Amino acid sequence: MIRDDIKTALVTAMKAGDKESTAAIRLIQSAIKNRDIEVRTQGPVADDDALVVEVLQKMVKQRRESIEMFEKGGRQELADKEKAEVAVIERFLPAQMSEAETTAAIEAIKVELGASGMKDMGRVMAELKARHASQLDMSKASGLVKAALS
């Protein structure tokens, strides 16, 4: 499980005296704990790894947005700090699909659903997310789906 990998990595980082990794991993654990509290009221979680991957992807997305803003604002030292956190977070994410693999998956879903135009984008995106959410950056995938359907 990804949670166990995160706990092990925290212990390793602490023993190695790696303060940056330790801080980033603690942020990850905090975000996961917050998500657990949100989900607790909704009932049992079917797939724990999917929940953790969702949290990690959200954290990466937030940091990439921050990096962009810091670089526009001329705050390179803050952008570098965020980039270091992204590198730590991405260690726990499953391998991401390449653009070619993503395009192939989109084409397969498009054929399977009989999607022909932009009106079918929602259906294609929903199916893509259901099958490959942990392996895809959905914001990048939406651009590929638009291109495939237009």
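The model is predicted: local features need pLDDT of at least 70, side-chain atom pairs count only at pLDDT 80 or more, and totals for chains, interfaces and linings use all residues. Residues are numbered from 1 along each chain as its sequence is written, and side-chain values use heavy atoms, with hydrogens and water left out.

I noted that Thr22 counts as buried because its relative accessibility is 8%; buried means under 20% relative accessible area, exposed over 50%, partly exposed in between (1.4 Å probe, protein chains only). Not counting residues up to four places away in sequence, Thr22 touches Leu10, Ala13 and Met14, contact being heavy atoms within 4.5 Å.

I then turned to Glu38, which also belongs to helix 2 (residues 19–40). Glu38 counts as partly exposed, because its relative accessibility is 48%.

Next I examined the nonpolar cores, which are sets of buried Ala, Val, Leu, Ile, Met, Phe, Trp, Tyr and Cys residues joined through side-chain atoms within 4.5 Å. The largest has 22 residues, and Ile2, Ile6, Ile25, Ile28, Leu56 and Phe92 have the most contacts inside it. Helix 1 (2–16), helix 2, helix 3 (48–72) and helix 4 (76–90) each give two or more residues to this core. Helix 3 supplies its largest share, seven residues. Apart from this core lies another of 15 residues, including Ala115 and Leu128.

Finally, I recorded domain 1 (2–92) and domain 2 (99–149), whose bounds come from an automatic or database domain assignment. Their centres, taken over C-alpha atoms, are separated by 26 Å.

Note on methods: Helices (H or I, at least four residues) and strands (E, at least two) are DSSP runs, numbered from the N terminus.
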